[in-house]
Amino acid sequence: AQKVTQAQTEISVVEKEDVTLDCVYETRDTTYYLFWYKQPPSGELVFLIRRNSFDEQNEISGRYSWNFQKSTSSFNFTITASQVVDSAVYFCALSGNGGATNKLIFGTGTLLAVQP
Amino acid sequence: EPEVTQTPSHQVTQMGQEVILRCVPISNHLYFYWYRQILGQKVEFLVSFYNNEISEKSEIFDDQFSVERPDGSNFTLKIRSTKLEDSAMYFCASIPDRQSNQPQHFGDGTRLSIL
């Protein structure tokens, strides 16, 4: 069965601090995809990144970076120099190639509060 | 950039009434999805739809739910007789095909409130 665990329910930081959001996944698929989505207070789901299971290179996009480690089944997300606008719920998600339809399995989310 | 659009943004319905949530997926996409998010909880898969039929559904998607693509552009989710516990945000998503490198892009959601 596929599962995504985000153990951090809430994180509070002060602006300009770095923060890492943890994501651990379980899957039996050999090919799978991992995602991060941001859900701001307005409620929409904003796609941030998609990685496939064969690409373990870390990725950096501006203040965002992602660390994918297959050995520990983790796909962690770091925000450098956090800003108030980063305040949101962040969801990690998994999609397997073995399923019929590439449905997404979401974690429970981490609420990030960035204080000014 | 093309977007998935959902209407209405907020729907208030009396318990027991039927409700239809509408989605317009991105135009060349072939796989369509509905997800549900109860307030404060995680996003849960409901159903996927391909080639005019359901390709996968979750345990949540019981006989009270149905989906259809009535006119080649809209993708609808119908709840036949709403219950209080159907109150949630409902998200629609689409992808071009299963091998696509594109991620699932979501609409802005419909907030359904059952009174």
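Trainee: How many aromatic pairs does the structure hold over all chains?

Mentor: Ground rules first: this is a predicted model in which local features need pLDDT of at least 70, side-chain atom pairs count only at pLDDT 80 or more, and totals for chains, interfaces and linings use all residues, while side-chain values use heavy atoms, with hydrogens and water left out. Residues are numbered from 1 along each chain as its sequence is written, with chains lettered from A and ligands numbered from 1 in the order in which they are written. Rings of Phe, Tyr and Trp (its six-membered ring) pair if their centres lie within 6.5 Å; planes under 30 degrees apart count as stacked, over 60 as edge-to-face and the rest as tilted. Over all chains, the number of aromatic pairs is 24.

Trainee: Is the aromatic pair of Trp66(A) and Phe77(A) stacked or tilted, and which is it by its angle?

Mentor: The two rings are 5.0 Å apart, centre to centre. Their planes make an angle of 5 degrees, and the pair of Trp66(A) and Phe77(A) is stacked.

Trainee: How many residues apart in sequence are the parts that Trp66(A) and Phe77(A) tie together?

Mentor: Trp66(A) is in strand 8 (residues 64-69) of chain A, and Phe77(A) is in strand 9 (residues 74-79). Strands are DSSP runs of E with at least two residues, helices are runs of H or I with at least four, and both are numbered from the N terminus. So the pair ties together parts whose separation in sequence is 11 residues.

Trainee: Are Trp66(A) and Phe77(A) buried or exposed?

Mentor: Buried means under 20% relative accessible area, exposed over 50%, and partly exposed in between (1.4 Å probe, protein chains only). By that rule, both Trp66(A) and Phe77(A) are buried.

Trainee: What is the angle between the planes of Phe49(B) and Phe75(B)?

Mentor: Phe49(B) and Phe75(B) form an aromatic pair with 5.2 Å from centre to centre. That pair is tilted, and its angle is 40 degrees.

Trainee: In which strand of chain B is Phe75(B)?

Mentor: The pair links distant parts of the chain, 26 residues apart. Phe49(B) sits in strand 5 (residues 43-50) of chain B, and Phe75(B) sits in strand 8 (residues 75-79).

Trainee: How many residues apart along the chain are Thr76(B) and Gly40(B)?

Mentor: Thr76(B) also lies in strand 8 of chain B, and Thr76(B) is buried, with a relative accessible area of 8%. Leaving out residues up to four places away in sequence, Thr76(B) touches several residues, among them Ile20(B), Trp34(B) and Pro70(B); contact means heavy atoms within 4.5 Å. The C-alpha atoms of Thr76(B) and Gly40(B) are separated by 24 Å, and along the chain these residues are apart by 36 residues.

Trainee: Which residue does a cis peptide bond join to Thr7(B)?

Mentor: Most peptide bonds are trans. Here omega is about -10 degrees, and the cis bond joins Thr7(B) to a residue in the loop between strand 1 (5-7) and strand 2 (10-13) of chain B. That residue is Pro8(B).

Trainee: What is the phi of Lys16(A)?

Mentor: Most residues other than glycine have a negative phi. Lys16(A) is in the loop between strand 2 (10-14) and strand 3 (19-21) of chain A, and is exposed, with a relative accessible area of 70%. Although Lys16(A) is not a glycine, its phi is positive, at about 85 degrees.

Trainee: And what is the phi of Ala81(A)?

Mentor: Ala81(A) lies in the loop between strand 9 and strand 10 (88-96) of chain A. Ala81(A) is partly exposed, with a relative accessible area of 31%. Ala81(A) is not a glycine, yet its phi is positive, at about 50 degrees.

Trainee: How many strands are there in chain A?

Mentor: Buried residues make up 47% of the 116 residues in chain A. Along its principal axes the C-alpha trace spans about 45 × 30 × 20 Å. Chain A has 0 helices, and its number of strands is 12.

Trainee: How many strands are there in chain B?

Mentor: In chain B, buried residues make up 46% of the 115 residues. Its C-alpha atoms fill a box of roughly 40 × 25 × 25 Å along the principal axes. Chain B has 0 helices, and its number of strands is 11.
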